[in-house]
Amino acid sequence: MSEYETVIGLEVHCELATATKLFCGCRNEFGAEPNTNTCPVCLGLPGSLPVLNERVVEYALRLGEALQFDMPPQSIFHRKNYFYPDMPKDYQVSQYDEPICVNGALDVAGARIGIERAHMEEDTGKSLHVGGGGRIHDADHSLVDYNRAGVPLMEIVSRPEIRSAEQARAYVTELRAVLETIGISDVKMEEGSMRVDANVSVRPKDREEFGTKVEVKNMNSLRSLGRAIDYEVERQIGLLDSGERVVQETRHWNEEDGRTDGMRSKEEAFDYRYFPEPDLVPVRPTDEMRAVACASLPELPAAKRARLANEWGISEQDVRVLTAVSGLADYAEQAVAAGGAAKDVVNWCTGDLLGYLNETGLAPGALPLAPDGLAELVALVADGTLSRGLAKDVLSECLAEPKRPKQVVEERGLAQVSDEGELGSVVDEILAANPDEVTAYRAGDDKARKKKRGFLMGEAMKAMKGKGNPQLLSRLLDERLES
Amino acid sequence: MADRITRADVQHVATLARVALTDDEIDHLTGELGAILDHAAQVSALDTDGVPPTAHPLPLANVVRADTVRPSLDRDEVLGEAPAAEAGRFRVPRILGEAP
Amino acid sequence: MTAFEVASSVRSGERSAVEVAEQHLREIEARDGEIHAFNHAMREEALAAAAEVDAAVSRHEDPGPLAGVPIALKDNLCTRGVPTTCSSKILDGWRPPYTATVVERVRAAGAVVVGKTNLDEFAMGSSTENSAFGPTRNPRDPSRVPGGSSGGSAAAVAAAFAPLALGSDTGGSIRQPAALCGVVGVKPTYGAVSRYGLVAFASSLDQIGPLATTVTDAALLLDVIAGPDPLDSTAIPSPFARVSPTLDDGIDGLRIGVVEELTDAEGIAPEVVAAVEQAAAALEAAGASVERVSAPSTTYGLSAYYLIAPAEASSNLARYDGVRYGLRVDGADVAAMNARTRGAGFGTEVKRRIMLGTYALSAGYYDAYYGQAQRVRTLIIRDFDRAYERFDALLSPTSPTTAFELGAKTADPLSMYLNDVCTIPTNLAGHPAMSVPFGTGADGLPIGVQVLANALQEPLMFRVARVIEQHAP
Ligand SMILES: [Mg+2]
Ligand SMILES: [Zn+2]
């Protein structure tokens with residue numbers, strides 16, 4: 001198996017988060033009553049004409065900037081002709097040989113993946129299959145809803161430079177982060193607002209030319225993308241190893257069975273008969289259009305990761321965890337801005353807070369404890385008011401019912417005791433009450449000493465009900481044991 | 001220039017264009033399309049080296065509309081024109097293949 | 001009665017719009033059985049609209065420049081709630097849920113829509129014989145065709161069913177029937193009039209334009225319908241100043257070119273050539289200079305057109321698939337249903353062009369056919385550009401012959417296509433052109449002379465047309 005290399009190219013379709021559709025003023029919304037967001041244009045009624053949504057061009061230009069695309073002086077729409085009932089005009093308005101973005105790239109975990117192009121196009125409607133368990137091939141008939149028809153899409157086509165399922169997932173993860181950061185798409189694979197098709201082929205390790213590629217469709221999560229690619233690679237290697245050929249085709253990922261199935265290809269070959277869409281005029285991005293589109297372009301995920309690692313001196317792993325959850329890094333930055341020490345803030349964010357977010361499904365922006373509250377908590381630990389253990393309890397309470405850490409500390413009298421006299425007498429009491437342990441400590445080897453010291457420290461802390469300043473307590477204990 | 005259009009070509013094109021044709025129609029079309037294409041071959045024979053294509057007679061560019069919602073149609077009016085409808089949707093016979 | 005006369009008398013309260021409408025509806029009811037200009041007369045709607053015009057007048061409001069003027073609409077213009085068939089079985093009974101921009105405009109200007117006129121199915125033809133609902137006859141001689149594809153609109157005007165009509169012109173579909181019926185027909189600059197609501201034939205060539213009995217009336221209507229439309233991306237933001245005010249400015253000092261290739265072409269009747277020469281002489285007498293000019297690439301116009309138009313049509317007509325509106329012929333699966341619906345719903349000429357266009361766009365043929373035709377389009381535009389460096393307007397025949405007998409050309413598609421040889425080049429260039437009646441042939445049937453002008457030069461074109469009209473024999 002190891003003598004083959006996997007070659008993957010990904011085609012990502014993402015729905016743009018506009019108010020209206022690509023060519024008409026119907027709402028672009030998910031989950032509306034069927035066929036309520038339709039008009040002559042998106043139903044393809046005779047005589048209707050498309051008019052381009054300016055926001056879509058703006059979003060395309062943003063994407064162009066974010067993924068380092070070249071943006072040619074002119075871009076035009078074509079018609080892609082084929083019959084399908086979910087396509088009201090029986091052609092799709094898309095871009096062909098003059099797309100709006102060409103030759104971009106995305107850096108993914110140390111590798112630069114080339115992106116051939118990104119173009120604007122319209123989405124199709126949705127079909128519901130009735131009978132036969134809802135599967136298209138066994139259905140009795142189908143029902144079509146055109147609410148999604150004409151929703152704006154960007155199709156982003158990578159070069160075949162991805163070499164593993166893992167890298168494919170990393171590419172999609174990073175692309176999602178970019179699309180979300182620049183605010184042009186909801187990127188929800190499960191709702192279909194982001195769809196990924198994979199062109200997969202394998203070739204012997206020493207060969208230059210590509211093997212026959214198979215297009216795999218219908219993966220609706222990152223997990224199924226990885227599984228589908230792994231399955232397909234194994235299937236192709238199996239074929240080649242047994243002397244068979246890989247057939248160029250489109251295959252459908254079947255989630256339940258965990259395999260790809262050939263899409264029953266009819267004798268009818270597809271011939272899209274592309275030609276320039278005569279109902280639309282060219283898009284010629286001007287400097288002004290670009291400036292407007294990119295004026296509010298936020299910091300991109302990669303730049304943000306580099307900056308945080310650098311400014312806060314935190315590990316790559318921490319950065320990755322912090323930025324994997326949308327909004328968490330922003331939360332942390334606000335906490336730092338409010339005076340929290342960066343490393344401590346990151347620890348809380350990637351630890352207890354992340355656990356809480358996972359448990360509750362909340363977004364960081366909706367946390368009951370505001371970022372400056374976290375900064376307050378961090379400060380309470382830093383100035384010795386709270387031990388880390390107590391701080392955890394305080395945090396839980398702040399999350400359970402919106403409260404500020406200082407408020408909890410006050411209400412429960414949790415402030416840490418750092419009075420040297422009080423702590424010293426407690427230590428004296430503990431040593432007096434445990435003479436055998438003290439003797440054993442003094443006579444023992446390193447291992448025994450450590451054990452005994454730990455026991456005595458625990459007793460002292462217990463006596464302080466956990467509120468003793470641990471550093472101080474520890475120093476006082478050592479002073480007495482060594483004297 | 002391409003060879004003269006054959007009966008098989010006409011059948012293939014009819015499949016692409018989704019038009020059911022009778023044998024008689026295919027026979028007629030084979031001859032007629034051949035004659036029209038012979039006439040059209042005049043343009044294929046012209047020397048157009050270095051001549052850019054004109055897809056459109058207009059010099060316009062960047063015609064856009066604002067991203068603001070306009071009222072959609074009444075669904076009953078829309079579905080009222082459909083040959084078959086069910087559950088607020090357009091009803092069609094079974095679909096044999098996935099979308100390409 | 002001209003549109004101009006109707007509008008002035010209705011606006012002044014001299015005549016009632018209802019009375020005018022009644023009179024025209026009576027004419028339609030009496031004589032359209034023979035002519036068949038209309039697919040659908042709109043008696044109720046017309047009387048209601050006319051009553052509104054009269055009410056406005058009685059309130060001392062101006063109903064607009066077309067106050068009370070009956071107008072006929074080609075049946076490929078969408079009218080909400082009123083059947084819009086394109087003379088095709090595939091759209092029989094379809095009632096659009098919206099109205100075309102031009103129709104909104106003429107209504108807002110006070111015009112009274114009296115009905116939807118017959119056409120060659122989906123505007124594909126030059127005789128109005130390709131209608132699923134039977135042919136239209138030429139009011140000048142009912143054994144003859146009215147031309148096409150806007151034959152119903154031209155016949156309606158010629159028969160005095162309405163002083164005005166709207167047609168659409170993709171390769172001559174307004175001008176050629178205007179010539180054959182002896183009326184004025186105008187194809188405006190591409191983009192001067194919104195196409196929103198015009199059922200598309202070939203999107204890069206289609207334009208809506210007026211048919212009228214006089215140049216003045218045509219100008220009146222053009223001034224109402226021209227202008228930008230946010231619903232049509234290809235509508236020019238500011239096309240041209242109104243045509244009517246300068247109509248009678250004359251042509252002193254204008255340079256007129258007679259296009260050799262469009263006048264000397266094979267198949268153009270000598271009497272038609274003679275009419276063009278006579279019109280040229282009249283222009284010269286009126287102060288213009290006239291010379292012959294060559295635009296050699298226009299010779300290839302017809303061939304290029306019969307690749308480009310069917311290619312675009314094959315895509316535009318894909319939507320008639322039996323799913324959302326119109327005819328459905330059932331089938332075991334959706335593809336079979338599509339094919340059977342289209343096989344049964346489209347007529348012979350429409351199928352021919354869909355097939356031709358699909359072929360011209362298909363893999364392996366695109367460059368040789370569609371791509372090459374687009375290059376020829378560039379050459380034609382360059383030839384016109386050169387001509388307009390030296391001339392203000394051009395002249396040619398509109399149609400090679402006067403109206404021919406019904407059935408004379410239906411057996412041979414190519415002979416039918418040749419009818420458009422003089423009109424097609426301006427569609428390819430996107431320029432305006434109009435046909436003006438100028439005398440009759442030996443058969444006593446009208447001849448049309450075509451005036452061509454550069455993009456957006458409608459005001460100038462109309463001045464020339466007005467002089468030709470004044471000197472018509
Ligand atoms: Mg696509
Ligand atoms: Zn819509």
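These notebook entries record what I looked up in the predicted model, chain by chain and site by site.

**Ground rules.** I am working with a predicted model in which local features need pLDDT of at least 70 and side-chain atom pairs count only at pLDDT 80 or more, while totals for chains, interfaces and linings use all residues. Residues are numbered from 1 along each chain as its sequence is written, chains are lettered from A and ligands numbered from 1 in the order in which they are written, and side-chain values use heavy atoms, with hydrogens and water left out.

**Metal site, chain A.** I looked up which protein atoms hold the magnesium ion (ligand 1), and found A:His13 (NE2), A:Glu121 (OE), A:Glu121 (OE) and A:Glu155 (OE) at 2.0 to 2.7 Å from it. Donors here are N, O and S atoms within 2.8 Å of the metal (3.2 Å for Na, K and Ca), and water is not among the atoms, so the site may look incomplete. The spacing of the donor residues in sequence reads H-x107-E-x33-E. I noted that A:His13 in strand S1 (residues 4-15) of chain A and A:Glu155 in strand S9 (residues 152-158) of chain A lie 142 residues apart, a pair that links distant parts of the chain. A:His13 counts as buried because its relative accessibility is 13%, and A:Glu155 counts as buried because its value is 10%; buried means under 20% relative accessible area, exposed over 50%, and partly exposed in between (1.4 Å probe, protein chains only).

**Strands around the site.** Strand S6 (residues 111-122) of chain A is mostly covered, with nine of its 12 residues buried. Helices (H or I, at least four residues) and strands (E, at least two) are DSSP runs numbered from the N terminus, and two strands pair if DSSP finds at least two bridges between them. S6(A) runs antiparallel to S9(A), joined by seven bridges, and A:Glu121 has A:Leu153 in S9(A) as its bridge partner. S5(A) and S6(A) are also antiparallel with seven bridges, and in their hairpin, which has two residues between the strands, A:Ala109 takes a positive phi near 45°.

On a 1 Å grid over the protein atoms alone, a cavity is a set of points where a 1.4 Å probe fits but cannot get out, and a pocket is an open set with protein on both sides within 12 Å along at least five of seven lines; lining residues have an atom within 4 Å of a point. Grid points are joined across faces, edges and corners, and a volume is the space filled by probe spheres set on the points. The second largest pocket holds about 930 Å³ and is lined by 35 residues, with A:Ala177, A:Pro301, A:Arg305, A:Thr323 and A:Ala324 the closest to its centre. H2(A) gives the largest share of that lining, seven residues.

**Chain C.** I traced an open sheet of 11 strands with mixed pairing, in the order S1-S3-S2-S4-S6-S5-S10-S11-S9-S7-S8. Its edge strands are S1 (38-41) and S8 (289-293) of chain C, each pairing on one side only. C:Thr2 sits in the segment before helix H1 (3-11) of chain C and counts as buried because its relative accessibility is 17%.
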